[in-house]
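My notes follow the order in which I looked things up.

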Amino acid sequence: MTLNRRHALHRLARQTTGLACAPAMPWAALAGLPSAARAQPGDAFPHRPITLWVPWPAGGATDQTLRLLADLASRHLGQKVLVDNRAGAGGTLCMPILQQAAPDGYHIAQMPQPVFRAPWIQKVMWDPVRDTTPLLQLSGVTFGILVPTASPWRSLEDLFQWARQRPGELTVSTNGVGTTPHLVMEELMGRRGLSYVHVPYKGTSEQMLAVASGQVMVGINSNGFAPHVDGGRLRLLATMGEHRTRRWPQAPTLKELGHGIVAASPYGLAGPAGLPPAVVRVLHDAFRQALHDPAHVAELARYDQEVAYLGPEDYGRAMRETYAAEKRAVERLGLARPPA
């Protein structure tokens, strides 16, 4: 017993000496470190801010609703959700970011309809299904065809008639090449053998100002046109949903006008491929609560949008179905890129 006690005392002395020699970090200094520096590998997710990438310019309808959503989700996550805009390329610039991001949950992005269409039209290095982990579907948009209030056109037929009489003179703006508004206009004009000049814009705000001021004759875009219509600067000729909107019941749908087109472009959030299930659950739960928050529901209503929630599994299935449907649509319109 004496020998064992002696060994124990020696071990205790060595441990005490090591602790005494190690440099101590004052609590004040530790408190001043960023959360990422203080965090340990076993810390619960998230332990630092999350970036939500929005592939549209700041200030548009989608950007504003997603900024509010991010702020509300931050309260449930205990960390800030920072919004970063990557506008251009028809709303597809979020995909290279997700493809290259680490699967740790700190980089997520909006998934607009064009990301499921672009790979069938042009060569890209990413795949919207293979390179992502679905989190949840959020909402869909109301698309509209608009002209300045000073325009003599009161209907789509007026517009088509003018285009027949002046081939190639009609200027039509959309939110980018390959976007849903662009493809809808291609189909409407192509069926009638009409030509037009396509003028793509990066964002809705800039585009709607161009239409209202007469820089372009027609604008096709989503919800961001609402303030301009309500303010009397733009006239809404038609919408693209299944039914007329409650906000603008006077505007007919393309479907009821006999064009057979319904477009709502549901969108959601996704992270990089390979997100751990526990991280998916934390992100999903926080954003689901934010999605149904009365403040967010009211913000969506400002742009004639409603909640269209789907969980990770159902949203993943919807993404795969959308990807396949976009391939068929692109092939039907003759826009598919040649096989490699």
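**Entry 1. Overall make-up**

I noted at the start that this is a predicted model. I counted 13 helices and eleven strands in the protein. Of the 340 residues, 48% are buried. I then looked at contacts between residues at least 6 apart in sequence, and 75% of these join residues at least 24 apart.

I traced an open sheet of six strands in the order 2-1-3-10-4-11, and its pairing is mixed. Which strands stand at the edges? They are strand 2 (81-85) and strand 11 (307-310); each has a single partner strand, so one side of each has no neighbour in the sheet. Neighbouring strands here are turned by 25 degrees against each other on average, direction ignored.

At one end of the order I checked how strand 1 meets strand 2: they pair in the parallel sense over five bridges. Thr 51 has Leu 82 in strand 2 as its bridge partner. At the other end, strand 4 (residues 132-139) and strand 11 run antiparallel and are joined by two bridges. There, Ser 139 has Val 307 of strand 11 as its bridge partner.

I then looked for helices against this sheet. Helix 4 (residues 61-77) packs on it and touches strand 1 (50-54), strand 2, strand 3 (107-111), strand 4 and strand 10. The direction of helix 4 makes about 160 degrees with that of strand 2. Helix 11 lies across strand 1, strand 2, strand 3, strand 4, strand 10 and strand 11, and runs at about 10 degrees to strand 4.

**Entry 2. Strand 1**

Is strand 1 mostly covered or mostly open? I found it mostly covered, with five of its five residues buried. In a regular strand the side chains alternate between the two faces of the sheet. I checked the directions here: Ile 50, Leu 52 and Val 54 point one way, Thr 51 and Trp 53 point the other way, and all are buried.

Strand 6 (residues 171-174) and strand 7 run parallel and are joined by four bridges. In this pairing Thr 174 stands opposite Pro 200 in strand 7.

**Entry 3. The nonpolar core**

In soluble globular proteins, nonpolar side chains tend to be buried together. I looked up the largest nonpolar core, which has 54 residues. Leu 170, Val 218, Leu 254, Leu 283 and Phe 287 have the most contacts inside it. Helix 11 (residues 277-291) gives the most to this core, with seven residues.

I listed the contacts of Leu 170, leaving aside neighbours within four places in sequence; among them are Trp 153, Trp 162, Met 185, Tyr 196 and Val 218.

**Entry 4. Aromatic pairs**

I counted four aromatic pairs. How are the rings of Trp 153 and Trp 162 placed? Their centres are 5.5 Å apart and their planes are at 65 degrees; edge-to-face needs over 60, so this pair is edge-to-face. Both residues, Trp 153 and Trp 162, are buried.

Phe 225 and Trp 248 form a tilted pair, with 5.3 Å centre to centre and 45 degrees between the planes. Phe 225 is in the loop between strand 8 (218-221) and helix 10 (226-230), while Trp 248 is in the loop between strand 9 (234-239) and strand 10 (267-272), so I noted a link between distant parts of the chain, 23 residues apart. Both Phe 225 and Trp 248 are buried.

**Entry 5. Charges over rings**

I found Arg 48 over the face of Tyr 106, at 3.8 Å from the ring centre. The charged end of Arg 192 sits over the ring of Phe 160, 4.4 Å from its centre.

**Entry 6. Thr 253**

Thr 253 is in the loop between strand 9 and strand 10. Its relative accessibility is 2%, so Thr 253 counts as buried. Leaving aside neighbours within four places in sequence, Thr 253 is in contact with Thr 239, Gly 241, His 243 and Arg 244.

Terms used: Residues are numbered from 1 along each chain as its sequence is written. This is a predicted model: local features need pLDDT of at least 70, side-chain atom pairs count only at pLDDT 80 or more; totals for chains, interfaces and linings use all residues. Side-chain values use heavy atoms; hydrogens and water are left out. Rings of Phe, Tyr and Trp (its six-membered ring) pair if their centres lie within 6.5 Å; planes under 30 degrees apart count as stacked, over 60 as edge-to-face and the rest as tilted. Buried means under 20% relative accessible area, exposed over 50%, partly exposed in between (1.4 Å probe, protein chains only). A charge sits over a ring if NZ of Lys or CZ of Arg is within 6 Å of the ring centre and within 35 degrees of the ring normal. A nonpolar core is a set of buried Ala, Val, Leu, Ile, Met, Phe, Trp, Tyr and Cys residues joined through side-chain atoms within 4.5 Å. Contact means heavy atoms within 4.5 Å. Two strands pair if DSSP finds at least two bridges between them. Axes are lines fitted to C-alpha atoms, for helices over the stretch in contact, and angles run from 0 to 180 degrees between N-to-C directions.
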